[in-house]
Amino acid sequence: MSTIDFETLKQRFPAAADIPEEFRLASPIHQRISLVDGEFVNWDGACKTVLSPICVQQPDGSVQQVEIGSYPVMGDTESEAALDAAVKAYDSGRGEWPTMAVAQRIACMQDFIKRMVAQRQLIVNLIMWEIGKSLADSRKEFDRTVEYMAATIEALKEQDNSNSRFIIAEGTIGQIRRTPLGVVLCMGPYNYPLNETFATLIPALLMGNTVVFKPPQYGTLLFYPLLEAFRDAFPKGVINTIYAPGAVVVPHMLATGKINVLALIGSSKVADHLKKQHPKSHRLRAILGLDAKNAAIILPDADLDLTVKECLLGALSFNGQRCTALKMLIVHESIVDAFLARFTEALGKLKVGMPWETGVNITPLPGLHRTAYMTDAIDDARALGAHVVNDAGGTFCQTLFYPAVVYPVKEGMKLYREEQFGPLIPVTTFSDIETALEYVITSDHGQQVSIFGSDPAQIGELVDPLVNQVCRVNLNCQCQRGPDVFPFAGRKDSAEGTLSVTDALRAFSIRSMVAAKQTEDSKALLDAIVNDHQSKFVNTGFIF
Ligand code: G3H
């Protein structure tokens, strides 16, 4: 019998005095600055209070979310200033940053990485406190980001070195390199506030673009310790920050036509709306990571131990708040009872608690609206004939929500199509494989799928149509983005563009070339430019 109920969940929240010393925030962070044109600009206007997902016990016996700081709520005037600073720093491609030699840009980035690494402990703590991610996963997010940055630098060296030569074709001499696109508006998501923001911001910067950066609504304060590093490691105006409701300032910034690239990890609805704001939409490149509803198709011959383990990880890592999470389990009817029994048993062993607790799996969600949504989705499914099949599934206290396995989920229920982005596991069945395939085909989403089974003929037959529906088919493992050298993309409402260590460098740049007729005069001219180091673009130098 489960021991989870409202009271036990409530007791998982600590008293303030019980929070281990090393994981406490020394004091709330009340950020009152933004970074614009290389300067910290003071803000004395309205501010937003930041409430942690983590609650603490109160003298009156209740538990309440902890206030961990506040940040500015700016508006159009401030967003214009940030945008104009980025435009000025780009200076139509003549700015210091876009014309800087690649090796020098790399040196700036390496300097930034050193400064960032010095802030690791504080940033990891802030990830925990701002979004409720476990300590282990918060550390992983930080370290993975640093590794991603180092790998991106290596990939850029490789790319630049391979372009450090002339090509001769049909009597024309050419040198082709990748060049920046202009001003990038960069917005990351709350679930990977550091990692996914940097997955676009870092390649955008390295390719010579200038940036306006708007942090996510949850996960803003964790960038505060990096503002000095942004200011000191890069030339002024290369990176500018804005703290404002996206719905207010972002359409306004796009409507100016001054933004060349929209890098957004968020929802397809928002992305659609934003893209339309640009006066010349063909001038706007969009790099988008959007909605997903990845399914696991569990075949009758699946290894159930492995399947349960991977589906649990896939559905519930970081409480299911991953775009790559498994958000629908489609199980063959012949094994659904066995699967549910083992899955719910394994789920019952997950540890529920605070992010700093060793081995914790289920942690608080970012706000009461999230527990309200989960409850509403369960009520909707129940009203239409489904049940919560695990003990205590759906029980919650404030921000702490106990995962619910909901079965049988059918067309018409919210959970059938909506991206729940939280600790709900909808399960449905199939008898004919066409039914499972149809679910993926008729979905608005097209990111990834997992197949669990062992018959090569059946799996082979499924893979072929599925690779044309999604961008990654995982065999006997959960869906995921990594390793970061692999292409991360999606079809339909799930993405635009491809990210990976190398793909992102391409996404934030365009090839440009210098060409000349293959004459003696041209050869002499190009020789002189190269030998006398007259150009950053026309050169044959090698970056070691
Ligand atoms: O939220 C979406 C992330 O890109 C998922 O990344 O598969 O590495 O957890 P992950």
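**Note on the cysteines and the ligand site**

1. C397 is buried, at a relative accessible area of 1% (buried means under 20%, exposed over 50%, partly exposed in between, with a 1.4 Å probe and protein chains only). This is a predicted model, in which local features need pLDDT of at least 70 and side-chain atom pairs pLDDT 80 or more, while totals for chains, interfaces and linings use all residues. Residues are numbered from 1 along each chain as its sequence is written, and side-chain values use heavy atoms, with hydrogens and water left out.

2. The structure contains zero disulfides (a disulfide being a pair of cysteine sulfur atoms within 2.5 Å). For C397, the closest cysteine sulfur belongs to C55 and is 6.9 Å away, too far for a bond. The sulfur of C471 has its closest cysteine sulfur in C479, at 12 Å, which is also too far for a bond. C471 is partly exposed, with 35% relative accessibility.

3. Around the ligand stand R144, N191, Y192, E196, R322, C323, T324, Q480, R481 and F488 (each with a heavy atom within 4 Å of the ligand). By class, this shell comprises four charged, three polar and three nonpolar residues.

4. On its own the ligand has 310 Å² of accessible area, of which the protein covers 96% (Shrake-Rupley method, 1.4 Å probe).

5. Which pocket holds the ligand? The ligand sits in the second largest pocket (an open set of points on a 1 Å grid over the protein atoms alone, with protein on both sides within 12 Å along at least five of seven lines; sitting there requires more than half of the molecule's atoms within 2 Å of the grid points).

Definitions and conventions
On a 1 Å grid over the protein atoms alone, a cavity is a set of points where a 1.4 Å probe fits but cannot get out, and a pocket is an open set with protein on both sides within 12 Å along at least five of seven lines; lining residues have an atom within 4 Å of a point. Ala, Val, Leu, Ile, Met, Phe, Trp, Tyr, Cys and Pro count as nonpolar, Asp, Glu, Lys and Arg as charged, and the others, Gly among them, as polar.
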